Amino acid sequence: MIALTLILLLSPLIGTLLLLLCQNSSKDLTILISNISILIAFLLSLFILYLFYSSNPGPISANFLTFADTKLFSLHFGIYIDSLALIMSSVVTSVSLLVHYYSISYMKDDTSFNRFFIYTNFFTFSMLLIVFANNFLQLFIGWELVGLSSYLLIGFWIKKESAIKANYKAFLVNRVGDIGLLLGLCLILLSYNTTDYNQIFQIKNSINIDSVSIFGFTFNALSAICLLLFIGAMAKSAQVPLQFWLPDSMEGPTPISALIHAATMVTAGIYMVARLSPLYELTDGVLIFILYVGSITAFFLGLVALVQNDIKRIIAYSTISQLGYMTAALGASLYSLAMFHLITHAFFKALLFLCAGSIIIKCHHEQDIRKIGGLRKYMPITYLAFMYASLSLIGFPITSGFYSKESIIDAIGYFGHTIPYLMLLLSIFTTTLYTSKIFFKVFFGESTLPKEEQNENPSNENDRQMLLPLFILTAPSVFLGLFIYDPLMIGILFQNSLAANELMMSFYNGYVINSFKFFLHSFTTINFLILLIGLIFSYLYYYKKAFSINVPHFIRTTLTKEYGFESLSSYLIPKVQNIFTKYLWRKIDISTIDNGLINNTSSFINNLSSKMKKLQTGFIYHYSLIIISALILLLILMRITH
Amino acid sequence: MIPISYYLILSTIIFTLSVAGIFLNRKNILVLLMSLELMFLSVNFNLITLGNYLGDLTGQVFVFFVLTVVAAESAIGLALLIVLFRNKKTIDVDDLSELKG
């Protein structure tokens with residue numbers, strides 16, 4: 001099983017290397033290598049998942065390579081196999097496979113076709129490195145590689161200025177988070193002399209009492225570590241206040257948005273916290289912080305989506321909002337629900353993005369939903385797929401999204417976190433609004449397609465290669481929740497990989513009973529009422545246009561400006577940095593180093609030598625005078641000393 | 001018999017003249033060479049005087065060696081002088097300040 005997992009992990013990497021070798025060869029070879037390497041990874045992760053559940057050997061940890069081996073600690077490359085890692089890798093590879101397949105058609109006219117697949121393969125590998133890491137160093141390496149590949153892919157269209165700015169922004173914001181992660185890593189090494197997950201999980205109880213002193217303040221070591229690591233997760237998983245890179249990452253090709261949002265990037269933060277849940281369980285205060293960060297993100301960034309008009313940006317804000325749900329679930333110790341929502345979200349969000357890609361291709365790269373309309377007749381498959389994905393996103397009963405999202409909201413309410421509960425509840429309404437906004441504007445109303453393309457023949461919709469992934473993704477988006485809900489809730493699915501199982505059990509026994517009862521019960525809850533109101537409201541407002549609302553100007557501006565985060569990121573921070581670096585440039589670089597150290601030294605020597613050279617008159621009689629007077633002086637000295 | 005101090009005083013006078021000639025001569029490099037010769041001669045004069053006074057022939061023999069070296073030296077000096085004149089068209093000491101910093 002270990003060898004198979006190693007092959008699974010390395011297959012995308014080998015794919016990347018092969019693609020690098022035959023960069024200039026034909027597209028067919030690129031397609032073949034990239035898709036097959038991911039396909040191998042996908043099939044292997046399903047197979048290992050099956051093996052794991054049939055034999056159930058418990059978590060396996062194995063080291064392969066050693067980077068460093070000192071007396072204090074050793075750093076390894078290794079693999080950690082348990083149900084959490086395997087389920088995550090199945091999700092990552094399945095979405096990645098579909099995105100790869102979809103991209104063949106989406107990117108077919110691009111000049112850098114081969115480069116695209118090199119990056120995506122590498123992206124998948126980096127994420128798998130995080131998923132299967134058995135120590136923090138490997139996690140960190142994977143983390144950085146994910147950041148690197150997302151940087152390369154967001155700026156894939158290197159000649160587009162906005163894309164370059166966006167990838168720069170994504171990279172820099174992730175750097176901020178990486179500082180947290182790196183500090184956490186250092187603190188772990190400092191406190192426990194090991195980076196191995198297993199060893200840390202084993203000594204976790206004894207390490208909780210340790211305290212660490214930074215700048216004279218004393219912290220509980222474990223809480224400090226968990227908080228620092230969570231800062232890393234905040235940047236990766238786009239939580240307030242480090243969320244503003246994600247909407248801009250829409251500058252990349254649409255399949256990449258699907259990949260980033262569903263499988264390989266933003267889920268890394270959630271996955272890491274879930275992976276370290278035994279540690280987070282022991283902290284105090286950190287979880288409350290996570291809970292509030294999550295619910296604030298879910299509510300406020302959902303609102304921002306309402307005023308956006310770019311189809312991809314709306315979906316991006318909805319991702320941030322859904323990530324907020326997951327983070328809130330982590331903060332309420334509902335780790336398996338967070339993972340559950342991650343999985344369902346991966347599928348329906350990938351589906352949404354691939355639909356958006358299909359729409360964008362059909363409309364010749366038009367992304368403004370005000371300029372798109374009436375596509376229902378011409379894109380029946382995309383229409384249906386988008387509808388199911390939207391239903392899942394808004395949590396309409398029986399869909400996957402319903403099970404994961406409703407459980408999170410209800411469980412947070414059940415355990416009495418009132419303020420987060422209310423925020424999450426209200427964001428059901430906003431989710432419904434912005435989802436139906438896209439839905440009604442894009443698929444209904446006047447058709448905006450040019451006359452000659454208004455062909456209702458379904459074969460004209462788009463390439464089959466683009467539509468097939470939509471078909472496949474619809475199934476898990478709608479039905480996956482129903483199948484895995486019960487085993488997930490009673491802890492069969494994740495076994496002991498996640499902490500606080502008893503909390504889930506009490507929620508399950510006290511509130512859910514079973515998936516069908518939960519489904520029936522949901523019709524009587526306030527969640528469903530809010531959902532219905534949202535649906536009716538958006539039907540009247542966006543479809544019938546029965547009334548119009550004058551949003552006060554300042555609210556609209558605040559939302560468009562993303563509560564000032566936009567000006568913060570694109571104006572304030574660069575400005576402050578500019579002033580700061582200019583100050584440094586003037587005071588340190590020019591005044592101290594250039595003028596102070598270098599120019600001063602040289603001019604001092606110059607002055608000295610120009611004084612010294614006056615001694616060299618060039619006249620022989622001066623030299624001989626000096627020689628003879630020195631001789632006489634020496635003679636006199638000798639006379640005196642003797 | 002002329003007392004030895006006379007000889008020594010004479011040689012000192014010649015030596016001082018030659019040193020002064022080197023220092024004060026601002027005109028001619030030929031005069032410089034002549035002053036050098038004079039310096040050697042004054043030293044030779046000392047050697048002979050003291051050799052005679054001490055009854056030791058070594059001093060007088062040594063003078064021959066010195067004279068040989070001086071002859072070679074002045075030959076080289078004059079050769080340099082000719083080369084210098086060819087290049088510079090002058091043997092004026094004040095014009096020869098190439099080493100000035």
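**Helix packing and loop geometry**

Me: Which residues in helix 12 of chain A meet helix 15 of chain A?
Reply: Ile270(A), Val273(A) and Ala274(A) are the ones from helix 12. From helix 15 of chain A, they meet Leu323(A), Met326(A), Thr327(A) and Leu330(A). Keep in mind that this is a predicted model.

Me: What classes of residue are in that contact of helix 12 with helix 15?
Reply: In chain A, this contact of helix 12 with helix 15 has 6 nonpolar residues and 1 polar residue. No charged residues take part.

Me: At roughly what angle do the axes of helix 12 and helix 15 of chain A cross?
Reply: Roughly 10°. The axes come within 10 Å. Helix 12 covers residues 267-275 of chain A, and helix 15 covers residues 311-331. The angle is under 35 degrees, which makes helix 12 of chain A roughly parallel to helix 15 of chain A.

Me: Next pair. How far apart are the axes of helix 4 and helix 11 of chain A?
Reply: 11 Å, with a packing angle of about 15°. Helix 4 of chain A is residues 113-131, and helix 11 is residues 254-264. Helix 4 and helix 11 of chain A are therefore roughly parallel to each other.

Me: Left-handed or right-handed crossing, where helix 4 of chain A passes helix 11 of chain A?
Reply: Right-handed. Helix 4 of chain A contributes Thr120(A), Phe123(A), Thr124(A) and Met127(A) to the contact. Helix 11 of chain A brings Leu259(A), Ala263(A) and Thr264(A). By class, that contact has 4 nonpolar, 3 polar and no charged residues.

Me: What about helix 17 and helix 20 of chain A, at what angle do they pack?
Reply: About 25°, and their axes are 10 Å apart. Helix 17 spans residues 380-394 of chain A, and helix 20 spans residues 464-489. So helix 17 and helix 20 of chain A are roughly parallel to each other. Their crossing is left-handed.

Me: Which residues in helix 17 of chain A meet helix 20 of chain A?
Reply: Ile381(A), Thr382(A), Ala385(A), Tyr388(A), Ala389(A) and Ser392(A). In helix 20 of chain A, they meet Leu467(A), Leu470(A), Thr474(A), Ser477(A) and Val478(A). The contact of helix 17 with helix 20 in chain A counts 7 nonpolar, 4 polar and no charged residues.

Me: Switching to backbone. What joins Val240(A) and Pro241(A)?
Reply: A cis peptide bond, with omega at about 5°. Most peptide bonds are trans. Pro241(A) sits in the loop between helix 9 (221-236) and helix 10 (245-248) of chain A.

Me: And what is the phi of Ala238(A)?
Reply: Positive, about 55°, although Ala238(A) is not a glycine. Most residues other than glycine have a negative phi. Ala238(A) also lies in the loop between helix 9 and helix 10 of chain A.

Me: How is chain A divided into domains?
Reply: Domain 1 runs 164-566 and domain 2 runs 568-641. The C-alpha centres of these two chain A domains are 64 Å from each other.

Me: How many residues does the contact take from chain B and from chain A?
Reply: 10 residues from chain B and 11 residues from chain A. The chain B side has 5 nonpolar, 3 polar and 2 charged residues.

Me: What does chain B average in pLDDT?
Reply: 87. In chain B, 99% of the residues score at least 70.

Me: And what ipTM and pTM does the model score?
Reply: ipTM is 0.71 and pTM is 0.78.

Definitions and conventions:
Residues numbered from 1 in each chain as written. Chains lettered and ligands numbered in written order. Predicted model: local features only at pLDDT ≥ 70, side-chain atom pairs only at ≥ 80, totals over all residues. Domains from an automatic or database assignment. Contact = placed C-beta atoms within 7 Å. Nonpolar A, V, L, I, M, F, W, Y, C, P; charged D, E, K, R; others polar. Axes fitted to C-alpha atoms, helices over the stretch in contact; angles between N-to-C directions. Helix = DSSP H or I, 4+ residues; strand = E, 2+ residues; numbered from the N terminus. Parallel < 35°, antiparallel > 145°, perpendicular 65-115°, else oblique. Left-handed = near helix turned anticlockwise from the far one by under 90°. pLDDT = per-residue confidence, 0-100.
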